[in-house]
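Dear colleague,

I am handing over the structure below. My notes on what was found follow it.

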Amino acid sequence: MSDHDQSPHLTASSSNSNSGDALPPVGEHARQYETVRNAHETELIEDYVELIGDLIQHRGEARAADIATRMGVSQATVSKMIRRLNELGLVTSKPYRSLFLTEEGQKMAETSRARHDIVLHFLRALGVNDHTARIDAEGMEHHVSNETLSIMQRFIDEQTRR
């Protein structure tokens with residue numbers, strides 16, 4: 001079992017001990033779950049668009065076969081998502097050709113990449129090893145607020161000034 005797979009053993013003393021942490025007010029609790037549900041809805045779309053943008057930037061093109069290989073899914077799965085991204089106006093594609101991001105897709109890719117980079121650099125600044133930081137950042141980037149990202153960025157900036 002890798003370090004990433006092990007669950008940390010948290011005790012009451014290692015977590016925030018505010019008595020209100022156990023169960024927030026009903027409305028706030030519902031908003032928390034709604035935020036997570038909304039993030040899950042866009043998570044896969046953002047991951048695909050971000051990868052397409054990265055492939056274009058680093059390889060000059062984004063091909064379905066490359067996406068399938070890098071995401072560890074079948075080409076059929078990628079084809080379904082490409083159709084969905086096309087319908088959402090995020091990519092353009094032609095049969096047997098590379099994929100291209102629309103202006104909206106490019107904006108989403110840039111935003112997603114920036115969020116990913118902040119979370120990744122934050123985890124590294126905390127001392128998380130690169131392998132684990134990359135895995136964790138891939139999921140966390142979709143679930144942190146702009147406020148949290150700003151604080152993470154401030155922490156990174158302070159660490160680099162030292």
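Which residues in helix 2 meet which residues in helix 3? A64, A65, I67 and A68 in helix 2 meet Q75, V78 and I82 in helix 3, where contact means heavy atoms within 4.5 Å.

First, the conventions. This is a predicted model, in which local features need pLDDT of at least 70 and side-chain atom pairs count only at pLDDT 80 or more, while totals for chains, interfaces and linings use all residues. Residues are numbered from 1 along each chain as its sequence is written, and side-chain values use heavy atoms, with hydrogens and water left out.

Overall content

The protein has six helices and two strands, in the order α-α-α-β-β-α-α-α along the sequence. Helices (H or I, at least four residues) and strands (E, at least two) are DSSP runs, numbered from the N terminus. Of the 162 residues in the protein, 28% are buried; buried means under 20% relative accessible area, exposed over 50%, and partly exposed in between, with a 1.4 Å probe and protein chains only. Among contacts between residues at least 6 apart in sequence, 55% join residues at least 24 apart.

Helix 2 and helix 3

Helix 2 (residues 64-71) packs on helix 3 (residues 75-87) at an angle of about 115 degrees, with the axes 9 Å apart. Axes are lines fitted to C-alpha atoms, for helices over the stretch in contact, and angles run from 0 to 180 degrees between N-to-C directions. Helix 2 is therefore roughly perpendicular to helix 3, given that angles under 35 degrees count as roughly parallel, over 145 as roughly antiparallel, 65 to 115 as roughly perpendicular and the rest as oblique. The crossing of helix 2 with helix 3 is right-handed; a crossing is left-handed if the near helix is turned anticlockwise from the far one by less than a right angle, and right-handed if clockwise.

The residues of the contact of helix 2 with helix 3 comprise six nonpolar, one polar and no charged. Here Ala, Val, Leu, Ile, Met, Phe, Trp, Tyr, Cys and Pro count as nonpolar, Asp, Glu, Lys and Arg as charged, and the others, Gly among them, as polar. In helix 2 the buried residues are D66, I67 and A68.

Helix 4 and helix 5

The axes of helix 4 and helix 5 (residues 130-140) come within 9 Å and cross at roughly 140 degrees, so helix 4 and helix 5 are oblique to each other. Their crossing is right-handed. From helix 4, H116, V119, L120, L123 and R124 meet D130, A133, R134, D136, A137, E138 and M140 in helix 5. By class, that contact has six nonpolar, one polar and five charged residues.

Helix 4 and helix 6

Helix 4 and helix 6 pack with their axes 9 Å apart, at an angle of about 50 degrees, which makes helix 4 oblique to helix 6. This crossing is left-handed. On the helix 4 side, R115, I118, V119, H121, F122, A125 and L126 take part, and they meet N146, L149, M152, Q153, F155, I156 and Q159 in helix 6. The contact of helix 4 with helix 6 divides into nine nonpolar, four polar and one charged residues.

I156, in helix 6, is buried at 11% relative accessibility. Leaving aside neighbours within four places in sequence, I156 is in contact with I118, H121 and F122. I156 and V119 are 37 residues apart in sequence, and their C-alpha atoms are 9.6 Å apart.

Q153 also lies in helix 6 and is partly exposed, with a relative accessible area of 28%.

The aromatic pair

Rings of Phe, Tyr and Trp (its six-membered ring) pair if their centres lie within 6.5 Å; planes under 30 degrees apart count as stacked, over 60 as edge-to-face and the rest as tilted. By this rule there is one aromatic pair. The ring centres of F122 and F155 are 5.4 Å apart and the planes are at 70 degrees, so the pair is edge-to-face. F122 is in helix 4 (residues 103-126) and F155 in helix 6 (residues 146-161), 33 residues apart, and the pair links distant parts of the chain. F122 is buried, at 17% relative accessible area, whereas F155 is partly exposed, at 26%.

Regards
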